[in-house]
Amino acid sequence: MKYKAILFGSIGTIIETSEIQRQSFNDAFREVGLDWYWNETDYKNLLQKSGGAKRIEDFSQKNNSTVDASKIRLRKTELFNKYLIDGNFYPREGVLDIINHAKENGLKLGFVTSTTTNNINAVFSALKNFIQKDDFDFIGSNNLIDKPKPNAEIYYKALDTLSLNFSECIAIEDTEESAKSSLNAKIKCIGFPGNFHLHDSFDQCEMKVTKLDLSILN
């Protein structure tokens, strides 16, 4: 069938952020006086669950320590946003092709993220020469939901806002954990892994790709 909407999921579906996310966590740990350091292997393992504060809490428990996870996560977000705003970033491969195809053919576009509005604003600032908020008919955030991914709530919110049925949409997600959110809403999903998720199977998705092109819509 021909889809009526393309739903980009987490911010990592439009911009590669894995490494600066990791750097931002380590910078935040250092600022609060922790001797923690997440190498790539540590971070890949922690990414199996969604939510920065949850990752910090889990890591703290494993190390028999007590920290203010919310405070650290807030500082990490501030550092992450600064990296984005100050850096030189491009959309991931094929993202612009999909967005332009949607706009030229009357398909609705959703950015079905459940992250903070500060993160979202930083992403659009980093990509301001390529992508605008106005390109999207729906932009999610953690302010719109009570239950974050992998719960399907943010996708239900998108469907309601766009006045569409789940079968009329195709989602794109960069992690298996986030893909569960769209699949729990019965929305078909394309696995588009970021650099730290390339070896994930995405076996419940329609396909797994390393770049986007129009074949995902077939």
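This is a predicted model: local features need pLDDT of at least 70, side-chain atom pairs count only at pLDDT 80 or more; totals for chains, interfaces and linings use all residues.
**Close-up 1. Helix α3 and its packing partners.** Helix α3 itself covers residues 52-62, and its buried residues are G52, R55, I56, D58, F59 and S60.

Close-up 2. Once α3 ends, the chain reaches N64, whose phi is positive, near 50°. N64 is not a glycine, yet it has this positive phi. Look for N64 in the loop between α3 and α4. Is N64 buried or exposed? With a relative accessible area of 75%, N64 is exposed.

**Close-up 3. F202, a second residue with a positive phi.** F202 also is not a glycine, and its phi is positive at about 50°. The loop that holds F202 runs between β5 (188-191) and β6 (207-208). Here the relative accessible area is 3%, so F202 is buried.

Close-up 4. The peptide bond from K149 to P150 is cis, and its omega is near 15°. You can find P150 in the loop between β3 (138-139) and α7 (153-162).

**Close-up 5. The F25 and W38 rings.** The whole structure holds 14 aromatic pairs. In one of them, the ring centres of F25 and W38 are 4.9 Å apart and the planes meet at 45°, so this pair is tilted. It links distant parts of the chain, 13 residues apart: F25 belongs to helix α1, while W38 sits in the loop between α1 and α2. F25 is buried, at 0% relative accessibility, and W38 is buried with a relative accessible area of 0%.

**Close-up 6. The W36 and F59 rings.** W36 and F59 have ring centres 4.9 Å apart and planes at 70°, so they form an edge-to-face pair. Because W36 lies in the loop between α1 and α2 and F59 in helix α3, the pair ties together parts that are 23 residues apart in sequence. W36 counts as buried at 11% relative accessibility, and F59 is buried with a relative accessible area of 15%. Stepping back, which residues form one aromatic cluster? They are F25, F29, W36, W38, Y43, F59 and F196.

**Close-up 7. Charges over aromatic rings.** K76 places its charged end over the ring of F80, 4.9 Å from the ring centre. The charged end of R92 sits over the ring of F192, at 3.5 Å from its centre.

Notes
Residues are numbered from 1 along each chain as its sequence is written. Side-chain values use heavy atoms; hydrogens and water are left out. Buried means under 20% relative accessible area, exposed over 50%, partly exposed in between (1.4 Å probe, protein chains only). Helices (H or I, at least four residues) and strands (E, at least two) are DSSP runs, numbered from the N terminus. Rings of Phe, Tyr and Trp (its six-membered ring) pair if their centres lie within 6.5 Å; planes under 30 degrees apart count as stacked, over 60 as edge-to-face and the rest as tilted. A charge sits over a ring if NZ of Lys or CZ of Arg is within 6 Å of the ring centre and within 35 degrees of the ring normal.
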